[in-house]
Amino acid sequence: MEIQAPRGTYDILPPESRKWQYIERVIKETAERFGYSEVRFPIFEHTELFERGVGDTTDIVTKEMYTFIDKGGRSVTLRPEGTASCTRALIEHSIYSGPLPVKWYYNGPMFRYDRPAAGRYRQFHQFGVELFGSNNPYADVEVIQLLVKILENLGLKDYELHLNSVGCPQCRERYREKLVEHITPVKDQLCPDCQSRYAKNPLRVIDCKNPGCLEAIVGFPVLYDSLCDDCRQHYNTVQEGLTGQGIAYLHDNQLVRGLDYYTNTAFEIHLPQFGAASAVGGGGRYNGLVRFCGGPDLPGIGFAIGMERLLSAVERTGIDWEKDDLQVFVLVPDEHNRNIGLEICNILREAGVRTDQDYNGRSMKAQMKQANKRGARLVVIVGEDELAAGQFTIRDMVHKTQLTVPKEALLDRVKEILQ
Ligand SMILES: [Zn+2]
Ligand SMILES: [Zn+2]
């Protein structure tokens, strides 16, 4: 039986990998310019980190975690997202006692054990940022601005920013009561998930992907009306800041996050091409998370972007991806001169020229064909007669011309033509 990649995973092969490198480079450069530094954390963690840090009533934790028992009998989980690991690392290394705020970004594969479907993988990729140690609403503005800038720098100008405030635990408790009151009379019309969780966590009903649930609770009270003075002030300042920065947003009453440690600002960024229901990225403030995970009372805010969806959006802009065509092919007609060929390769490679030669003992004609296939701009011919005279022939594959140069002049001429 032929071995294939596991279900829900996929290979990223050249030239596709070039595209990934490109969007990763743009994103990282943008984040670095905003003062963020990269953090790399393990691919797997103790299962309880995610039960605690992601929330044991979320779909991720109840249904989708990639969990297994290792040989030591410990329950470990392949990371489903990045925030919990960042928080764990922040606490474990006492980063919070250094200069604040801490600004981190991460990028890499995440995992969920889910039924694979179109665009949903068991191994997928996320980029994210976390800002720990400031509750200033302008920190929210800057984090959102970074998300917007990343999209813009990738040529995605046509986005929709959704914004809401989920308040603090106090105003949310008031809201929860109002919401339960509104939902209870129609609870029989809800999906089974919502029926079992609405009393404990009615915000999840607003969040439910089942359209029947939202219909059932039509006219539901909105969180904004329950915000306390501090939370309302925070939200207003974030809105002023975004407007001041020329960032358009939509206030979205449906954008709620049901977990206790989420506070204040919540946001999502949508690309209309993917339909209304699908955000390419999103995040928010989580002032309760660090303490909830056993650390000090430290505020935080962050977001994550789904890289698969982002790449497909960038693809649809009709971008001209950078090509990785070979620049020079070194053609060696006589196998016993292969070492000289390698030496020429290395001189060019050292100078930053993408260079290769043949390793399959092809004839001169076949090597020339190979150079063409690989898209080489120039071919350097290491011919017996030329070598005797200390010379090499450079063939220009575009202009179909060639010239002969002494070894000392080879590199300069190659660079000249490539420019
Ligand atoms: Zn509040
Ligand atoms: Zn539901």
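Which residues have the most contacts inside the largest nonpolar core? They are Trp 104, Val 129, Val 143, Leu 147 and Val 205, and the core has 66 residues. By nonpolar core I mean a set of buried Ala, Val, Leu, Ile, Met, Phe, Trp, Tyr and Cys residues joined through C-beta atoms within 7 Å. Buried means that 20 or more other C-beta atoms lie within 10 Å of the residue's own, exposed means 12 or fewer, and partly exposed is in between, with C-beta atoms placed from the backbone.

Some bookkeeping. This is a predicted model, in which local features need pLDDT of at least 70, side-chain atom pairs count only at pLDDT 80 or more, and totals for chains, interfaces and linings use all residues. Residues are numbered from 1 along each chain as its sequence is written, while chains are lettered from A and ligands numbered from 1 in the order in which they are written.

Helices (H or I, at least four residues) and strands (E, at least two) are DSSP runs, numbered from the N terminus. Val 143 is found in α5, and it counts as buried because it has 25 C-beta neighbours inside 10 Å. Leaving aside neighbours within four places in sequence, Val 143 is in contact with Val 129, Leu 131, Ile 301, Gly 302 and Phe 303; contact means C-beta atoms, placed from the backbone, within 7 Å. Val 143 and Phe 303 are 160 residues apart in sequence, yet 7.9 Å apart in space, C-alpha to C-alpha.

Next, a helix pair. Helix α1 (residues 16-33) and helix α12 (residues 307-316) pack at an angle of about 100 degrees, their axes 11 Å apart. Axes are lines fitted to C-alpha atoms, for helices over the stretch in contact, and angles run from 0 to 180 degrees between N-to-C directions. That makes α1 roughly perpendicular to α12, a label for angles of 65 to 115 degrees; under 35 is roughly parallel, over 145 roughly antiparallel, and the rest oblique. Lys 19, Trp 20 and Ile 23 in α1 meet Leu 310, Leu 311 and Val 314 in α12.

Which elements are covered, and which are hardly covered? Helix α4, residues 83-92, is mostly covered, with 7 of its 10 residues buried. Among the buried ones are Cys 86, Arg 88 and Leu 90. What covers them includes β5 (102-111), β6 (123-132) and β11 (300-306). Strand β16, residues 401-406, is hardly covered: the count of buried residues among its 6 residues is 0.

β16 is joined to strand β15, residues 391-396, by 6 bridges, and the two run antiparallel. Two strands pair if DSSP finds at least two bridges between them. Gln 391 stands opposite Pro 406 in β16. The two strands form a hairpin with 4 residues between them, and Lys 400 in the turn has a positive phi of about 55 degrees.

Last, an open sheet of 3 strands, in the order β2-β4-β3 with antiparallel pairing. β2 and β3 (66-69) stand at the edges, each with a single partner strand, so one side of each has no neighbour in the sheet. The twist averages 35 degrees from one strand to the next.

Note on methods
Contact = placed C-beta atoms within 7 Å.
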